[in-house]
Amino acid sequence: MKYLSGLVLFAAAALLLHNARQSEAACGYESCPKTKSNMINIHMVPHSHDDVGWLKTVDQYYYGHKSNIQHAGVQYIIDTVISELIKDPKRRFIQVETSFFAKWWQEQSETVKQVVKKLVNEGRLEFAGGAWSMNDEAAVNYQSVIDQFTLGLKWLNGTFGACARPRVGWQIDPFGHSREQASLYAQMGYDGEFFSRMDHKDKARRMEDLSLEMIWDASESLSDAKLFTGLLYSSYWETSGFCFDVLCRDDPIIDGDSYDNNVQTRVDDFIAYADKVAAKFRTTHIMIPLGGDFQYEDAHINYKNMDKLIKYVNARQANGSHYNIFYSTPGCYLNSVHKGLQSYPNKTQDFFPYASDSNSFWTGYYTSRPTQKRFERDGNHMLQTAKQLSVFADLKSEQQKEDLDYLRQIMGVMQNHAAITGTEKQAVSNDYDRLLYDGIIGGASNARDALRVLTNLPEGEFESCLQLNISECAFTQDSADDLVVTLFNPLAHTSSQYVRVPVKEENYQVTDEKGRLVASEVVPVAWQVLALRFRKNTTQHELVFKASVNKIASYHIKKVVRRKSNAIFRPKRLKKVVTNNDEESETVLQTSLIKLVIDNNSGLLKTVEMNGVVEDIEQNFGVYNTKGSCLYSFREDEPMSVLSNDVKLAVYDGDLVKEVHQEFNEWISQVIRIYKGVSRVEFEWLIGPIPQTNPKEVITVFDSGISSDGTFYTDSNGRETIKRERDKREDFTPDLENQPTSGNYYPVTSRIYLQDNKKRMVLLNDRSQGGTSMNDGELELMLHRSVLSTNEVQSVADLFDSDLDQGRIAHGKLFLILNALAKKSTVVERLSEKEIHLPFWKFFSSYSKVNRNAAAKPLPDFNLLPKSVHLLTLEPFTDDELLLRVENFLDHIEGQVVSFNIRQIFDGLGGVEIRETTLDGNMPLSEMKRFKFHAEGSGAVSTEAEFYTAAHKPLSADSSMEASEFSVTLNPMQIRTFIIRKK
C-alpha cells in the first residue's frame, strides 16, 4: 500500500503543479534531452523486461504470486516507476508490453491516470515496441504479428493519443530475428528496432567491424522496407557491475561521509565500461540500458543510484572528461544517431539460427510443444472467422465486443516469445491453453450469433467441434442424420475444399443449398487415431465431400437406408498390403492430377508424378537421440537414425479420396492422401507418446534426386522466402564443428523447398517447425520432441521442469507439391499456403432449425479482387468503423502490380468514409514520416537528415465521390490498410 499511497500523493502534487502553470513540454523527439556535440553522449535507458508468461503464468507475474518460482510482480514495477518519474522531470522509463500496462491502467484512479498522461505527453514515459506482447520472430505467422501490434497500438492511441505511439521496436529477448518482422516495422512507420541476441560469431565480427548497427533491407519486393537495426553492446540484462535493482548484488553508489564511499571507483568503472562501448559504435552517441527481467519493483533504489551516477559522471567534465550521461530512451538515442548522418552496412537476410556458443544453437524451439503451436493456429483461424462474421452481421452488444476483444488479447499473448515458442514451464503452457480455449469459445459464440443473422437458420446451433483433428465431434457422435454443415471461408475468393465430418459407418447423401446432390464417400479413420486413450469411439469413419464456398455455404447431410445412386458411395477397401509381399512389388494410387507409387516391400513412398513432373521421392521418419537438448536448443549427440523399412500398409481407393495408411512403429503412423482435383499430396502424421529411454527429436525426411547444390529456401513468417545455403551465413562463417545439423536448422512457418534447373519439391506445414536440407535433394522437418528440461541455455540450473508432459501425442499435416521450375509455378504454393492457414471453419446445426422463409443476408463480393489479392483483415475497429487490409501475396518474381476498385466492397460494407493508414491501422498514412539512413555503397551521404514518407497518395474518399476515387494499386507483397466509417 505504501507505493500506491505515495503515488497518489505525488500525483496530486503533480496535478497541482501542472494546473498552476501550463506545461509547454512536447512528446516524441521534441521531448528528448539535449546532447553535447563535443562529447560522447551516453543515453541511459531504464527499462524492465516483463515476460507475458514464462516460468509463471501471466497473472502470477502481474500480481507477484508464487515468488518461490521467481520473484516478479509487474503491478509493483509500474506503481513504483510512476512514483519515481514524478519526482524529477529528467527521469525516463520505457514500457514495452502493452498487455501488462493495460491491466494496470484499469486499476488506477482518475488522478493517477491524469498524471500518467502527463508523463506520456512530456516524453518521460515512452512506449517501445507497443504490441500486446514482445512477440517471437521464428514461430509466428505475419498475420498474428500484425494483429497484436494493431491491438496494442490501438489501446495506446485510444488511451493517450499520438504521444504514446512507439517509434522504435524493442525486441531484446527473442531468440533470433526475422526479416519479415523488420519489414512489418517499416510498414508500420517505425524508425528502427533494437535487439540483444545475435549469433556469437556474428556479434564478434560486428564488434570488430563497427557494424553492430546496420540498415536492414527487409524485403526483396518492397523497395522502402528498409529499417535501421541495432544490436545492444551487451545483453539487455547485463550492464556489468551497475545493476542497482533489489534483485541484484552490485554495489550501490555511496557518496556520503563514509569509510565505504565508493564514488571514485564506481565512476571509474562506469567510464571504463563506456570506453568499451563507445569504441564499437560509429557516432558520438551510445545507448546503455539499465534493467532486466522484472526489475524496478522498488524503483526508488534504481533511480536514486542512477541519479548519483549521472551526477558524478558528469562532474568529471570539469576535469576534462568527454562523457555526458543523461536519462534517455531508445527513441531519443535513435533520433540522435539519425542526426549524425553516418553510413551503415547493409543487411539483407535474417538472424537465424541464433547460437549463444559453439554447442548451443537455439533451434529446438522452432518445434517445441507442437500441439500448442497448432492450437495457436486454431486460435488465429477462429479470430479471423469471428472478426469477419462480426462485421457482416454488425454485432454490437457489449458481450459480443468483450468476447472478440478477449480473443484478440489472448492471441496477442500467444505471440509472446515464451508462448508460441513452447519454451515456458508446463504449468504455464497449461494456462496458455486454458486462456486460448476460453478465447476460442467466446469467438465461436460471436460466430454463432452472426450466422443466425446471416443465414436461414435463425435458431441454428452452429456448434464448433474443436477436436476434428482426431475425427471427433460431439454434435455427430450419436447421428449425422439431418445435419447441416455451415462452412465459412475467411479467404477473399471462392474456394473449393474437401470437408471431412466424423460419422458412423452408414450411408449418407449430401446436398447443397439448392438441393443438388454432392458426391460423397465414407472412409475409415486410422486405427491409431481410434486407439487414442482420450478419444471417444462412437464415430470411426468420416464422410468426405467437396464444397465450394464464396463466404458462407451450408450443406445438408442425410442418412439413407439404401444406396440410391452413384452420388452415394462408400469406398471399398482396395487391399491390405503385407510387408515384404513379393507378389506385387508396388501399389499405385492415381487421380487425374497425381500418381503415387508405394514400394510394397519397404512400405514407403517411392515415386510422385504431378504437374508433368516425375520424381523418385522416398519419405521416412527418423530420430535424433539427444541428451543435451532443451526446449530452446537442439543438440545432436548422435547421428540421425532412420526408422527401419518395415512399414505396415493399408490402402483405400475411392473416387474422391485415395489413402495409404502406414504404421512405422508403435508410436509413429501416417496417412498419405490424395484428393480428386487437388494438386498436392497430404501427409497426416501421428507421433507419440515418444518412448522415454532417451530424449528424442523426431523428424521426417523427403529424399529426392533433385540436384539442389546445397541450397534450399524457407519462408519468413509466412510471407517472402529466404535462400539458405548449407553451412553458410550471409555475413560470417558459423561455428559448426560441434553441431553441424542444428546449425543448419531454420524456422519453417509455412513452407520449405529446394530445386534445380528443372524441378522443385515443396513442403507446406500446418504449424511452425524446424527444417533443413542436410543433403542435396533432401528436405527434413522436425515434427516432435521429447526433452527433459525447460532450461534456457546458460540459465540457472534449477529451472528443470519435472512436470513436463512426456506422454504428449502430436498430430498434424504436411503437404507436398512437385512442380516444374517455371516463373509462375510458385503461385499454386501461395494459394495452398492460404488454404492451409485459413481453411473453411465448420459449424454444425440440426436441419430442423432451417427456416425456409428466412433469406440469407447478402454479403460483399470479394471475388472482385484480383486472384493474387488476399483479404488479410476485416474486423470491427470502433463502434462505427471497420478495418480492412488487402495484400498482394505474390512477390516480385511470381506476380505483378495489380489495380482494382473497392467502391463496390466499400458500399457493401455500408461505408460512408474511407481513409488509409499505416499497416497497424492507427496512424494516417499521410502522417507517416520515418527515418531514412544512408547505407554504405549507396552514393554520397546527404548533408541533411532524410525521411521516408508514403510512396503513393493515400486513399481518402467518401460516399459522395465518384467510383474512380476508390482505385487501389498493390505492388507485389504490398499490404494496404484502410479504416472505413460506416453509416
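I take helices (H or I, at least four residues) and strands (E, at least two) as DSSP runs, numbered from the N terminus. The model is predicted, so I kept local features only at pLDDT of at least 70 and side-chain atom pairs only at pLDDT 80 or more, while totals for chains, interfaces and linings use all residues. Residues are numbered from 1 along each chain as its sequence is written, and side-chain values use heavy atoms, with hydrogens and water left out.

Entry on Leu 341. I looked up its place first. Leu 341 sits in the loop between α11 (330–339) and β10 (343–344). Its phi is near 55°, a positive value in a residue other than glycine. I then checked its accessibility. Leu 341 is partly exposed at 29% relative accessibility; the term lies between buried (under 20% relative accessible area) and exposed (over 50%), using a 1.4 Å probe and protein chains only.

Entry on Leu 210. I found Leu 210 in the loop between α8 (200–209) and β6 (213–217). Phi is positive at Leu 210, near 55°, and the residue is not glycine. Leu 210 has a relative accessible area of 30% and is partly exposed.

Entry on cis bonds. Which residue does a cis peptide bond join to Pro 353? I noted Phe 352, with omega at about -10°. Pro 353 lies in the loop between β11 (346–347) and β12 (355–357).

I also looked up Pro 689. The peptide bond from Gly 688 to Pro 689 is cis, and its omega is near -10°. I placed Pro 689 in the loop between β31 (681–687) and β32 (696–703).
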